[in-house]
Amino acid sequence: MKWDWSAVSDFMPHFWDGLLVTLQILALGSLVSFVLGLVWALLMRVPSRFVTWPVGAVTEFVRNTPLLVQLFFLFYVLPEWGVTASALTTGVLAIGLHYSTYTMQVYRAGIEAVPVGQWEAATALNLPVGRTWTAVILPQAIRRVVPALGNYVISMLKDTPLLMAITVLEMLGEARLFSQQNFQFTEPLTVIGVAFIVISYLASLALRALERRLAH
Amino acid sequence: MTSGLWELVLQGVWVTVQLLFFSALLATAVSFVIGVGRTHRLWIVRFLAGFYTEVFRGTSALVMIFWVFFVLPPAFGWQLVPMWAGTLALGLTYGAYGSEIVRGALAAVDPAQKEGGIALSFTPWQRMKLILLPQAVPEMIPPFSNLLIELLKGTALVSIMGMGDLAFSGNLVRLALQESAEIYTYILLIYFVIAFLLTRVMRGLEKKLKAGVGKAPVRKPDTELKRPEATNVGGAV
């Protein structure tokens, strides 16, 4: 096994570029999934079968099919429908949509965990529905689910390399490009492999610290 | 879509099913070896098993696939057939997630059962084989069922390496027809149907195994819906 440190130092500038894109995808994708997941979770509570059934079916479908094929779908089909978006935007939307079907379950659990007395108190105080949600239920529910949402951010980090398949140059995309130009596969691929382990480990430490803080 | 193109898709389905089968076998073997290793009485075995879990859960499955395809051949002189390279990468990665399921289920067995085994002077291996595993395995089935679906979704990754699985056949048909909405809808539907069938099979298996230890399956919709919480796919490292 040959290990060439000069290849590592040559790759590092590309690595930082890729890392930046990966973190961008992660931040924007998390935002999309947090917002969309909350929308799904709230729609699932609408007391009408005509709303809950389609939302439930669509999210179940998205959760049970591969993210990669969903990426291809959005990347190739949206332009056919006349919607043009950059590869990065498409990727962020796809990954955000995919993970929103997971975060909706987290929100649902959080909302169900709010004690029923809180609902009754809101009714007793004659709060309108909107205010009950925004001022009473959601602040308590979301505080509870922050650690679980954080787990999905780590999970999403490990799915960001899929965006390479739709030409986004994130870490793996940069590594592949560099490998093909220089015929050195070992170093860049190992560097990003280690980078993933380090980032997800640091993220899980940060998450544990956050969890402890929220517990008080 | 012509019949020739459908044949291509069917070949893709076959490759996906084969890959799923082999990598599920490898992942199960890895899960049990590593999961049982984490309860071993020697600290070095526990440490190594824990290290394995951290490394393989910490990195991305796709990066692992790239590594097996591109780094393994020059580094060790092993050139694997794509099917085995894909099986190796997926089996090792998802096995790391599975080992957490095994460990959790073993830890959840009533401690009195283990103490009973010690009192009867069973060897550690006998305790594992005769007391702990028969009770723990039925409890592992629902999270393993969820992990299997995650693995099915993971098999699509090998199409990036040019392996002719279902996702890859979708790309070929798209190139042939210059039209993507229809074929990708079909591909997604096929994946969904496979996932649905798998959950049914696993549910039957759970029922059978639980009947073997005199329990009825508890059907909690939550365990199916909260997939990543149950499997730790993407859970905190």
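Reply: Chain B has ten helices and zero strands, where helices (H or I, at least four residues) and strands (E, at least two) are DSSP runs numbered from the N terminus. The model is a predicted one, in which local features need pLDDT of at least 70, side-chain atom pairs count only at pLDDT 80 or more, and totals for chains, interfaces and linings use all residues. Residues are numbered from 1 along each chain as its sequence is written, while chains are lettered from A and ligands numbered from 1 in the order in which they are written.

Me: What makes up the order of elements in chain B from the N terminus on?

Reply: The order is α-α-α-α-α-α-α-α-α-α. The C-alpha trace of chain B spans about 70 × 45 × 25 Å along its principal axes.

Me: What share of the residues in chain B is called buried?

Reply: A residue is buried if 20 or more other C-beta atoms, placed from the backbone, lie within 10 Å of its own; 12 or fewer make it exposed, and values in between partly exposed. Of the 237 residues in chain B, 43% are buried.

Me: How do you know which residues of chain A and chain B are in contact, and how many are there?

Reply: Two residues are in contact if their C-beta atoms, placed from the backbone, lie within 7 Å. On that basis 37 residues of chain A are in contact with 38 residues of chain B. With eleven residues, α8(A) gives the most to the side of chain A that touches chain B. That side divides into 24 nonpolar, eleven polar and two charged residues; Ala, Val, Leu, Ile, Met, Phe, Trp, Tyr, Cys and Pro count as nonpolar, Asp, Glu, Lys and Arg as charged, and the others, Gly among them, as polar.

Me: Why are α3(A) and α4(A) called oblique to each other?

Reply: Their axes come within 9 Å and cross at roughly 135°. Axes are lines fitted to C-alpha atoms, for helices over the stretch in contact, and angles run from 0 to 180 degrees between N-to-C directions. Angles under 35 degrees count as roughly parallel, over 145 as roughly antiparallel, 65 to 115 as roughly perpendicular and the rest as oblique. The two helices, α3(A) and α4(A), are therefore oblique.

Me: Which residues make that contact, including those of α3(A)?

Reply: Among them are Leu67(A), Leu71(A) and Phe75(A) of α3(A), and Ala87(A), Gly91(A) and His98(A) of α4(A). The residues of this contact comprise nine nonpolar, four polar and no charged.
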